[in-house]
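Colleague: I have a new model open and want to learn how to read its features. Can you walk me through a few?

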Amino acid sequence: MVSDKKFITVLGATGSIGVSTLDVVARHPERYGVFALTAHRQVDKLYEQCLQHRPAYAVLDRAEDAQALQARLDAAGCCTEVLAGAASLVAVASAPEVDMVMAAIVGAAGLVPTLAAARAGKRILLANKEALVMSGALFMQEVSANGATLLPIDSEHNAIFQALPSGFRQGVDGTEVTRILLTASGGPFRRKPVEELAAVTPDMACAHPNWVMGRKISVDSATMMNKGLEVIEAHWLFGAPAERIEVVIHPESVIHSMVAYVDGSVLAQLGNPDMRTPIAHAMAFPERVDAGVKPLDLFAVGQLNFERPDLQRFPCLALAYRALEEGGIAPAVLNAANEIAVGEFLGGGLRFDRIAGVIAATLDRIEAQSADSLEVVFEADRQARQVAASLVRQYCS
């Protein structure tokens with residue numbers, strides 16, 4: 001029996017993860033309440049969410065958007081207070097009333113409020129890869145030092161978490177785990193001839209065969225950079241060296257990931273491709289609650305297929321392994337260059353097949369350095385964006 005309602009701040013409430021989180025919340029009103037919802041600029045969608053969930057606070061990026069939303073909520077009789085800016089994200093992520101924080105802001109913008117949640121000792125439901133990709137060592141130190149609880153939301157990492165030994169603590173060395181098997185769908189271009197990738201359009205890249213995601217993440221899935229970032233994330237979440245993290249293309253997206261053991265056993269977590277499953281798992285952990293997900297019908301699935309990733313087709317995956325092995329600021333540089341390149345592709349200014357080239361050249365041009373402070377990480381991020389932008393101009397000139 002649940003004795004106390006838990007309150008959640010959803011960072012990135014209007015995105016696909018945020019919407020799925022609020023669906024789970026709505027299914028269990030006796031168990032969960034909403035403290036704060038945040039969005040970048042989707043005022044209309046955030047307005048509707050505030051009317052439904054009645055959070056104490058809502059946060060938008062721009063002050064003028066916050067003022068407009070406040071006026072609309074006031075007129076509708078909704079008592080939500082609307083705030084604006086990065087400092088407000090930090091405030092709602094670390095407030096004493098908050099029990100858990102869904103970290104679902106895409107990109108580097110999610111790092112600071114997620115770190116604030118860690119420093120405040122919250123249960124962090126981590127859907128933002130960049131917090132670990134950019135500053136893995138620093139972030140994990142804050143989690144440990146402040147007694148925060150870190151639970152992965154990516155379906156793959158959540159599956160690994162479920163398949164690890166009971167009572168697992170970070171670090172596969174010294175355990176009976178031999179490999180982490182990170183599954184990937186292969187995206188929409190798994191079978192497309194490599195020579196045709198130059199003609200890929202943003203709409204083609206965003207048409208994921210199994211998952212409904214935002215446009216940036218969909219492009220990352222198409223290049224498999226998304227999986228590369230997940231390799232880096234898995235390294236920090238589970239204390240696994242790069243050579244013990246293997247990517248397996250599994251087109252059906254039914255097995256979400258696997259853990260191999262020294263006795264030859266391989267434990268897998270299966271389910272329909274629906275993000276509400278890992279979200280509900282992390283929200284209720286160690287209990288389980290209904291997520292509203294359709295039961296898996298193995299007879300309808302029929303068969304499961306597995307392939308090795310082709311690094312000629314997916315050079316971004318190889319670049320992620322390179323950045324992880326180089327360490328220091330390299331993952332932050334990788335992430336920043338990817339954000340610039342993908343943004344330019346989505347805007348029509350860069351060919352799909354040149355995304356990896358921009359990232360590789362950016363990694364080559366920025367000198368290696370230890371990531372021993374947030375200031376160093378953010379400076380690496382800034383330099384990488386500048387370099388990547390100049391490379392894009394060269395490619396497009």
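Predicted model: local features only at pLDDT ≥ 70, side-chain atom pairs only at ≥ 80, totals over all residues.

Colleague: Start with the strand. Which way do the side chains of β5 point, and are they buried or exposed?

Modeller: In strand β5 (residues 100-103), M100 and M102 point one way. V101 and A103 point the other way. All are buried.

Colleague: Which strands pair with β5, and in what sense?

Modeller: Strand β1 (residues 6-11) runs parallel to β5, joined by four bridges. Here T9 stands opposite V101. Strand β6 (residues 123-126) also pairs with β5 in the parallel sense, over four bridges. There V101 stands opposite I124. From β5 the chain passes through helix α5 (residues 111-119) to reach β6, a right-handed β-α-β crossover.

Colleague: Now the rings. How many aromatic pairs are there?

Modeller: Rings pair if their centres lie within 6.5 Å. The count is four aromatic pairs. Take F161 and F285: their centres are 5.2 Å apart and their planes meet at 70°.

Colleague: Why is that pair called edge-to-face?

Modeller: Planes over 60 degrees apart count as edge-to-face. The F161 and F285 planes are at 70°, so the pair falls in that class. F161 sits in helix α7 (residues 155-163), and F285 in the loop between α11 and α12, 124 residues apart. F161 is partly exposed, at 22% relative accessible area. F285 is partly exposed too, at 30%.

Colleague: What about F189 and F352?

Modeller: That pair is edge-to-face, with 5.3 Å centre to centre and 75° between the planes. F189 lies in the loop between β8 and α8, and F352 in the loop between α14 and α15, so the pair ties together parts 163 residues apart in sequence. Both F189 and F352 are buried. Ring pairs link F189, F345 and F352 into a cluster.

Colleague: Which charged residue lies over the face of Y47?

Modeller: R72, at 4.2 Å from the ring centre.

Colleague: Next, Q49. Is Q49 buried or exposed?

Modeller: Buried means under 20% relative accessible area. Q49 is at 8%, so Q49 counts as buried. Q49 belongs to helix α2 (residues 43-53). Beyond its neighbours within four places in sequence, Q49 contacts A13, T14, V19, L22, L37 and R54.

Colleague: Last one. Which residues does the UniProt domain annotation cover?

Modeller: The unreviewed UniProt entry gives "domain: DXP reductoisomerase C-terminal" for residues 270-386. In the model, that span is 56% helix and 1% strand. Its end C-alpha atoms lie 42 Å apart.

Conventions
Residues numbered from 1 in each chain as written. Heavy atoms only, no water. Helix = DSSP H or I, 4+ residues; strand = E, 2+ residues; numbered from the N terminus. Buried < 20%, exposed > 50% of the residue type's maximum accessible area, 1.4 Å probe, protein only. Contact = heavy atoms within 4.5 Å. UniProt positions renumbered as here; feature names shortened; annotations may be inferred. Pairing = 2+ DSSP bridges. Right-handed = clockwise from strand over helix to strand, strands pointing away. Phe/Tyr/Trp six-rings, centres within 6.5 Å; stacked < 30°, edge-to-face > 60°. Lys NZ or Arg CZ within 6 Å of the ring centre and 35° of its normal.
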